[in-house]
Amino acid sequence: MSLWRLVYDGDCGLCSRAVDVLRRWDRAGRLEFVPFQTLASRPDLASVAPEAARTAVQLVSPTGEVRAGADAAAPLLRLLPGAAPLRALLSLPGANRAAWRVYNWVARNRHRLPGARPHCAVNAGTEVGER
C-alpha cells in the first residue's frame, strides 16, 4: 500500500496535537506524518514547496498530487475510518468555502489556542487559499 504524506509544522503545538489525533484515527496506517522542517532530507517530497508548507498543511497523494490547507481535508478524511460524519459535512454546498474560513481563522489565531508554542506566533495573521 502506498502512503499518503501529511506535511505539517512540527514546531507548532496545535499542529502536533492535531497530528496525534490523526495518528490514532489512522488505524489502517495509510498516512505518514512529516514535519515540514525535515523536507530538505526528503527528496520524495520535492513537489512540496517549503514556503507553502510553512503556511499551510500539505497532503501529498501516493501519485504526488498536493492538496493544501482546507483543500486537504476531504481527501484526508476519506483515508480515516470513522470520519464519515465529517466527510458528509464537507460534501454540503458551501462547505469548502466554510472550511477555508475556519482554516484561515485557526491559522491567524493558532498562537492563542491551547497547545500554542512561541513559534506559533511566527505566521500569525497568515491566510492561504479561498477566503
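Pro75 touches Trp4, Leu59 and Arg67 when residues up to four places away in sequence are not counted, a contact being heavy atoms within 4.5 Å. The model is predicted, so local features were taken at pLDDT of at least 70 and side-chain atom pairs at pLDDT 80 or more, whereas totals for chains, interfaces and linings use all residues. Residues are numbered from 1 along each chain as its sequence is written, and side-chain values rest on heavy atoms, with hydrogens and water left out.

Pro75 is found in helix H3 (residues 73-78); helices (H or I, at least four residues) and strands (E, at least two) are DSSP runs numbered from the N terminus. With a relative accessible area of 3%, Pro75 is buried. Buried here means under 20% relative accessible area, exposed over 50%, and partly exposed in between, for a 1.4 Å probe and protein chains only. The C-alpha atom of Pro75 is separated by 9.9 Å from that of Val60, 15 residues apart along the chain.

The protein chain contains five helices and four strands, in the sequence pattern β-α-β-α-β-β-α-α-α. Of its 131 residues, 35% are buried. Among contacts between residues at least 6 apart in sequence, 61% join residues at least 24 apart.

The four strands form an open sheet of mixed pairing, in the order E2-E1-E3-E4; two strands pair if DSSP finds at least two bridges between them. Strand E2 (31-35) and strand E4 (66-68) are the edge strands, each pairing on one side only. From one strand to the next, the twist averages 20°. Strand E3 (residues 58-60) pairs with E4 in the antiparallel sense over three bridges, and Val60 has Val66 in E4 as its bridge partner. E1 and E2 run parallel and are joined by five bridges, with Tyr8 opposite Pro35 in E2.

Five of the five residues of E1 are buried, so E1 is largely enclosed by the rest of the structure. In a regular strand the side chains alternate between the two faces of the sheet. Both faces of E1 are covered, with Trp4, Leu6 and Tyr8 buried on one side and Arg5 and Val7 buried on the other. Helix H1 (residues 13-25) lies across strand E1 (4-8) and E2, and runs at about 160° to E1. Axes are lines fitted to C-alpha atoms, for helices over the stretch in contact, and angles run from 0 to 180 degrees between N-to-C directions.

The largest pocket has a volume of about 1000 Å³. A pocket is an open set of points on a 1 Å grid over the protein atoms alone, where a 1.4 Å probe fits, with protein on both sides within 12 Å along at least five of seven lines; lining residues have an atom within 4 Å of a point. The volume is the space filled by probe spheres set on the points, which are joined across faces, edges and corners. Of the 35 lining residues, Ala18, Val57, Gly69, Ala73 and Tyr103 are the closest to the centre of the largest pocket. H1 gives the most to this lining, with seven residues.

The structure holds one aromatic pair. The ring centres of Trp100 and Tyr103 are 5.7 Å apart and the planes stand at 70°, so the pair is edge-to-face. Rings of Phe, Tyr and Trp (its six-membered ring) pair if their centres lie within 6.5 Å, and planes under 30 degrees apart count as stacked, over 60 as edge-to-face and the rest as tilted. Trp100 and Tyr103 are three residues apart in helix H5 (residues 95-109), and therefore separated by about one helical turn. Trp100 is buried, with a relative accessible area of 3%, whereas Tyr103 is partly exposed at 21%.
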